[in-house]
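Here is a short briefing to read alongside your structure. Take it a topic at a time, with the viewer open as you go.

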Amino acid sequence: MELIIDSLSKTYSNGVQALRDVSLTIPQGMFGLLGPNGAGKSTLMRTVATLQDADSGSITMDGIDVLQDRQAVRECLGYLPQDFGLYPRINAETMLNHIAQMKGIGNKKERKEVVSSLLHRVNLYKDRKKALGTYSGGMRQRFGIAQALVGNPSLIIVDEPTAGLDPSERNRFYNLLSEIGENTIVILSTHIVEDVNTLCSNMAIICMGEVLMQGTPKDGLARVDGKIYQKAIDKSELDQYREDFHVISTKLIEGKLSLRIESDTAPGNGFEPTPAELEDVYFSFISKKVDPITI
Ligand code: ADP
């Protein structure tokens, strides 16, 4: 099973070109779509989820023409959108039951089994009678996954799912997602590099509507390996360093600024070589399009 996106472009009526000739091949497993805010991730996800049109290009999945045969895609699609609204007064069990009914599970007994098994799977069984409005951010996202899983979809899209989760909720959510990725295509759209690092066997980096890199995280690391150097500097020196070097990221550590730069040759000046991380890959690529320090 494979999702093939070919030369997809989209310009909104206000003139913003959200997708520019996007081509991606997405195999089974977890696929990370990484890019800063405004990169075009949601536009791409909504188009794959058949919720909006592209201007040109095609999307196919196992012989299904996604842009034409919307119904066929919807039957095998699970979607957790970024702005996932909940009915606050309804409890999780009742809501999932409704969704299962809408997705065509007509038999009451079968529906009950499906709902109960999903609630167990996302670890919300004991909270199934609580109103959704009382759920924490992490519980809400786990419920979002449960509703996306109704009907055993073969394509699952999760858009920015870990934003706003605390570290333990995020871990629980990671565990859940990694279990799902085995027999399906899961596209995880995110601006959080750690999400992709932890979960994804394949990835792409997109920025300003363009695909800048696609492959495995290892492929990405190979592109910058041996070129990353770091040094702690004083905050006041940053502007000068940005003029003299290709600064890809900065982090404040104990009041000092830890600078990471990319350079083909040893830069001297007190910089130490350091093993490349996925975050360096991300910043290296997007710095070719936008200033990574200001995003
Ligand atoms: P991301 O999900 O990566 O943050 P989006 O796909 O939401 O990116 O947005 C890509 C670009 O398209 C942004 O510049 C955004 O402002 C613009 N955009 C998104 N949706 C619309 C819309 N409905 N109308 C006009 N512009 C939009």
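## A buried serine and its partner

In this predicted model, the side chain of Ser-189 makes a polar contact with the side chain of Asp-159, at 2.9 Å. Ser-189 belongs to strand E8, which covers residues 185–190. With a relative accessibility of 0%, Ser-189 counts as buried, because the cut-off for that word is under 20%.

- Arg-170 sits in helix H6, residues 167–180.
- Although Arg-170 carries a charged side chain by the classes used here, this residue is buried, with a relative accessible area of 16%.
- From Arg-170 to Thr-25 the C-alpha distance is 27 Å, and the two are 145 residues apart in sequence.
- Glu-160 is found in the loop between E7 and H6, and at 8% relative accessible area Glu-160 is buried.
- Glu-160 and Phe-271 are 111 residues apart in sequence, with 35 Å between their C-alpha atoms.

**Around the ligand**

- Which residues are around the ligand? They are Tyr-12, Asn-14, Val-16, Ala-18, Pro-36, Asn-37, Gly-38, Ala-39, Gly-40, Lys-41, Ser-42 and Thr-43.
- The backbone takes part here: a polar backbone atom of Gly-38 is 2.7 Å from an oxygen atom of the ligand.
- A polar backbone atom of Ser-42 is 2.8 Å from an oxygen atom of the ligand.
- Thr-43 uses its side chain, with a polar atom 2.5 Å from an oxygen atom of the ligand.

**Helix H1**

- Is helix H1 largely enclosed or largely open? Helix H1 spans residues 41–48, and six of its eight residues are buried, so the helix is largely enclosed by the rest of the structure.
- The buried residues of H1 are Lys-41, Thr-43, Leu-44, Met-45, Thr-47 and Val-48.
- Just after H1, the backbone at Thr-50 takes a positive phi of about 65 degrees.

**The largest pocket**

- The largest pocket has a volume of about 560 Å³.
- Its lining is made up of 21 residues, and those nearest the centre of the pocket are Tyr-79, Ile-99, Met-102, Lys-103 and Gln-147.
- Which elements give two or more residues to this lining? They are helix H2 (70–75), strand E6 (77–80), helix H3 (92–102) and helix H5 (137–149).
- By residue class, the lining holds 13 nonpolar, five polar and three charged residues.

**Cysteines**

- How many disulfides does the structure hold? The number is zero.
- Cys-200 is in no disulfide, and the nearest cysteine sulfur, that of Cys-207, is 18 Å away.

**Positive phi away from glycine**

- Ser-7 is not a glycine, yet it has a positive phi of about 50 degrees.
- Ser-7 lies in strand E1, residues 2–11, and at 29% relative accessibility Ser-7 counts as partly exposed.
- Asn-152 has a positive phi of about 50 degrees and is not a glycine either.
- Asn-152 lies in the loop between H5 and strand E7, the latter running over 155–159.
- With a relative accessible area of 69%, Asn-152 is exposed, because the cut-off for that word is over 50%.

Terms used. Residues numbered from 1 in each chain as written. Predicted model: local features only at pLDDT ≥ 70, side-chain atom pairs only at ≥ 80, totals over all residues. Heavy atoms only, no water. Disulfide = S-S within 2.5 Å. Buried < 20%, exposed > 50% of the residue type's maximum accessible area, 1.4 Å probe, protein only. Helix = DSSP H or I, 4+ residues; strand = E, 2+ residues; numbered from the N terminus. 1 Å grid on protein atoms, 1.4 Å probe; cavity = no way out; pocket = protein on both sides within 12 Å on 5 of 7 lines; lining within 4 Å. Points joined across faces, edges and corners; volume = space filled by probe spheres on them. Near = heavy atom within 4 Å. Polar contact = N/O pair within 3.5 Å; in protein donor to acceptor, adjacent residues only side chain to side chain.
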